[in-house]
Amino acid sequence: MPFSMGKRRCPGEGFAKANLFLFFSGLLQEFSLKPSVAGRPPSEDYRLGLSLCPEEFTVRLMTRTESIAG
């Protein structure tokens with residue numbers, strides 16, 4: 001619970017969530033996310049720890065014009 005709850009709830013929670021949304025939507029408008037190895041999506045395996053974590057993977061950020069051209 002990154003923003004806590006109840007009386008001690010963070011007053012900036014709405015602002016933080018709105019900024020994250022704007023940042024990531026702007027990122028996805030400008031770039032396409034592609035797997036680092038073409039045709040090979042990330043593994044769906046996970047690591048068990050305090051919570052389930054996906055295996056590490058890398059992606060390529062391509063500008064929208066690059067992804068349309070090639």
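**Close-up views of a predicted model**

**View 1. Leu-61 in strand β4.** Leu-61 is found in strand β4, which spans residues 59–63; strands (E, at least two residues) and helices (H or I, at least four) are DSSP runs, numbered from the N terminus. The model is predicted, with local features requiring a pLDDT of at least 70, side-chain atom pairs counted only at pLDDT 80 or more, and totals for chains, interfaces and linings using all residues. Residues are numbered from 1 along each chain as its sequence is written, and side-chain values use heavy atoms, with hydrogens and water left out. Leu-61 counts as partly exposed because its relative accessibility is 49%, where buried means under 20% relative accessible area, exposed over 50%, and partly exposed in between (1.4 Å probe, protein chains only). Although Leu-61 and Glu-30 are 31 residues apart in sequence, their C-alpha atoms are 9.4 Å apart in space.

**View 2. The nonpolar surface patch that includes Leu-61.** Leu-28, Leu-33, Phe-57, Val-59 and Leu-61 together make a nonpolar surface patch of about 480 Å², the area coming from the Shrake-Rupley method with a 1.4 Å probe, and for residues only the protein chains shown count as cover. Patches are made of residues with over 30% relative accessible area and no salt bridge, like charges being joined within 9 Å and nonpolar side chains (Val, Leu, Ile, Met, Phe, Trp, Tyr) within 5 Å. Val-59, one of the patch members, has its place in strand β4, and with a relative accessibility of 43% Val-59 counts as partly exposed.

View 3. Glu-44, Asp-45, Glu-55 and Glu-56 form a negative surface patch; Asp and Glu count as negative and Lys and Arg as positive, while His and the chain ends are not counted, and the place of a charge is taken as NZ of Lys, CZ of Arg, CG of Asp or CD of Glu. Glu-44 lies in the loop between β1 (31–35) and β2 (46–48), and Glu-44 is exposed, with a relative accessible area of 78%. Pro-42 also has its place in the loop between β1 and β2, but Pro-42 is partly exposed, at a relative accessible area of 39%. Pro-42 and Glu-55 are 13 residues apart in sequence, with their C-alpha atoms 8.2 Å apart in space.

View 4. Because Lys-17 and Glu-13 are four residues apart in helix α1, about one helical turn separates them. Glu-13 is buried at a relative accessible area of 14%, whereas Lys-17 is partly exposed at 47%.

**View 5. The protein chain and its confidence.** The protein chain has two helices and four strands, which follow the pattern α-β-β-β-β-α along the sequence, and buried residues make up 7% of its 70 residues. The chain averages a pLDDT of 83, with 89% of the residues scoring at least 70, where pLDDT is the predictor's confidence in each residue, from 0 to 100. Confidence is highest in helix α1 (residues 13–30), at a mean of 92, and lowest in helix α2 (residues 64–69), at 70.

Definitions and conventions
A salt bridge is a side-chain nitrogen of Lys or Arg within 4 Å of a carboxyl oxygen of Asp or Glu.
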